[in-house]
Amino acid sequence: MPCPELPRTTSGEVLMVCAYYEHGEPSWGGLLTPGGTALVPDDSPVRLCPVADPGWDHLRGGNVPALIPGGGPAAPVAVLVDIAAVYGGEPLLVDLAAIPGRGVRVAKERLGEILAALFDGALVFDDLIRDTDLRGTYRGSAGRRAFPVPTTHPQRDFPALPATEGALLVRTWFEDDDGWRALLDELGGTDEEGWVGADIDPDDIDEDRYPLTALVVDDPAYAGLPPGSVPALVPPEEHTVLVALADAATFAGADRPLAAVDLHDTPGNLAVLPWHVAGSMVCNLEIANMDFHDYVLAEGVRPWWEGP
């Protein structure tokens with residue numbers, strides 16, 4: 001069933017959307033007081049507009065832009081109160097203007113200040129992206145990233161990605177056909193429906209190199225697709241686990257690194273990892289054994305998957 005459209009806003013208003021419900025009732029995780037919101041001071045030029053509808057239960061940040069009424073939003077961002085915000089206290093700020101659908105976590109005590117800075121032009125969303133920590137939190141304390149998230153603004157639109165509850169492997173670099181075929185061979189080859197890793201015998205699985213099972217997307221329409229644009233392209237009907245991009249760096253690196261894109265906790269967040277680690281990542285995310293940020297490399301730190 002399609003999600004309901006979000007309400008229109010006027011100048012100075014920012015939607016705060018509840019995306020987590022218990023027994024049909026909205027859960028705000030302490031982010032909403034009985035009299036309204038306490039996240040923005042009374043003298044702020046920005047007004048938060050809390051909205052709730054069970055149709056938005058488990059709404060992902062990447063799908064928010066598609067629910068904005070025709071004509072575009074009055075605000076450059078929306079605030080999403082999802083399960084992570086309810087139980088972790090950090091709301092998700094969703095870009096609606098520059099690269100719609102990407103997100104950044106913001107400490108709730110700084111939300112009013114940051115919204116005001118976005119409205120008066122003292123900050124742009126790219127500034128937030130460039131200054132996130134490993135967990136995708138703006139100026140968070142989890143450490144600096146080894147691989148910054150690109151802030152490239154695409155000059156064209158990309159088609160929607162296929163709907164799947166699994167993972168997607170999307171080719172975005174088309175200058176090395178031999179390298180692409182070699183990557184698919186290393187992943188076990190594709191079956192007749194375009195999946196890699198779907199026909200691997202469980203008895204042949206190397207637990208240290210858990211195979212990636214993913215639907216392959218090999219279409220020049222996605223050439224140059226940046227990570228930040230990915231979340232808005234994933235259809236809301238299925239909760240896709242992960243999108244892995246085979247970009248220019250994939251074919252330049254000896255271990256064929258893939259650019260894994262977060263779709264849930266911090267949409268557009270990036271983890272660069274060898275192709276043979278991607279399968280383990282998808283598996284651990286599916287069973288909630290690990291979080292996306294566990295695979296985001298810290299600056300100057302040896303990857304944990306390389307062993308002691």
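Two aromatic rings of Phe, Tyr or Trp (its six-membered ring) pair if their centres lie within 6.5 Å. With that in mind, Y295, W304 and W305 form one aromatic cluster. Please remember that this is a predicted model.

**Aromatic rings**

- By the pairing rule, the count comes to four aromatic pairs.
- In one of them, the ring centres of Y20 and Y87 are 5.8 Å apart and the planes stand at 70°, so this pair is edge-to-face.
- Y20 sits in the loop between β1 and β2, while Y87 belongs to helix α1 (residues 83-88), so the pair links distant parts of the chain, 67 residues apart.
- Y20 has 12% relative accessibility and counts as buried, whereas Y87, at 56%, counts as exposed.
- Y295 and W305 make a stacked pair, with 6.3 Å from centre to centre and 25° between the planes.
- Both Y295 and W305 lie in the segment after α6 (275-286), so their pair ties together parts that are 10 residues apart in sequence.
- Y295 is buried, and W305 is buried too.

**Helix α2**

- Helix α2 covers residues 111-120 and is mostly covered, with seven of its 10 residues buried.
- The buried residues are L111, G112, I114, L115, A116, A117 and L118.
- These buried residues of α2 pack against several elements, including β1 (13-18), β6 (47-51) and α3 (125-130).
- Just after α2 comes G121, which takes a positive phi of about 85°.

**Strands β14 and β15**

- Five of the five residues of strand β15 (residues 270-274) are buried, so β15 is largely enclosed by the rest of the structure.
- Strand β14 (residues 257-261) runs antiparallel to β15, and five bridges join the two.
- As one example to look for, A259 has V272 in β15 as its bridge partner.

**Cavities**

- There are three cavities of 30 Å³ or more.
- The largest cavity has a volume of about 50 Å³, and among the residues lining it are T132, G136 and T266.
- The lining of the largest cavity divides into three nonpolar, six polar and no charged residues.
- The second largest cavity holds about 40 Å³ of space, and its lining includes R102, P150 and G228.

Key. Residues are numbered from 1 along each chain as its sequence is written. This is a predicted model: local features need pLDDT of at least 70, side-chain atom pairs count only at pLDDT 80 or more; totals for chains, interfaces and linings use all residues. Side-chain values use heavy atoms; hydrogens and water are left out. On a 1 Å grid over the protein atoms alone, a cavity is a set of points where a 1.4 Å probe fits but cannot get out, and a pocket is an open set with protein on both sides within 12 Å along at least five of seven lines; lining residues have an atom within 4 Å of a point. Grid points are joined across faces, edges and corners, and a volume is the space filled by probe spheres set on the points. Ala, Val, Leu, Ile, Met, Phe, Trp, Tyr, Cys and Pro count as nonpolar, Asp, Glu, Lys and Arg as charged, and the others, Gly among them, as polar. Buried means under 20% relative accessible area, exposed over 50%, partly exposed in between (1.4 Å probe, protein chains only). Helices (H or I, at least four residues) and strands (E, at least two) are DSSP runs, numbered from the N terminus. Two strands pair if DSSP finds at least two bridges between them. Contact means heavy atoms within 4.5 Å. Rings of Phe, Tyr and Trp (its six-membered ring) pair if their centres lie within 6.5 Å; planes under 30 degrees apart count as stacked, over 60 as edge-to-face and the rest as tilted.
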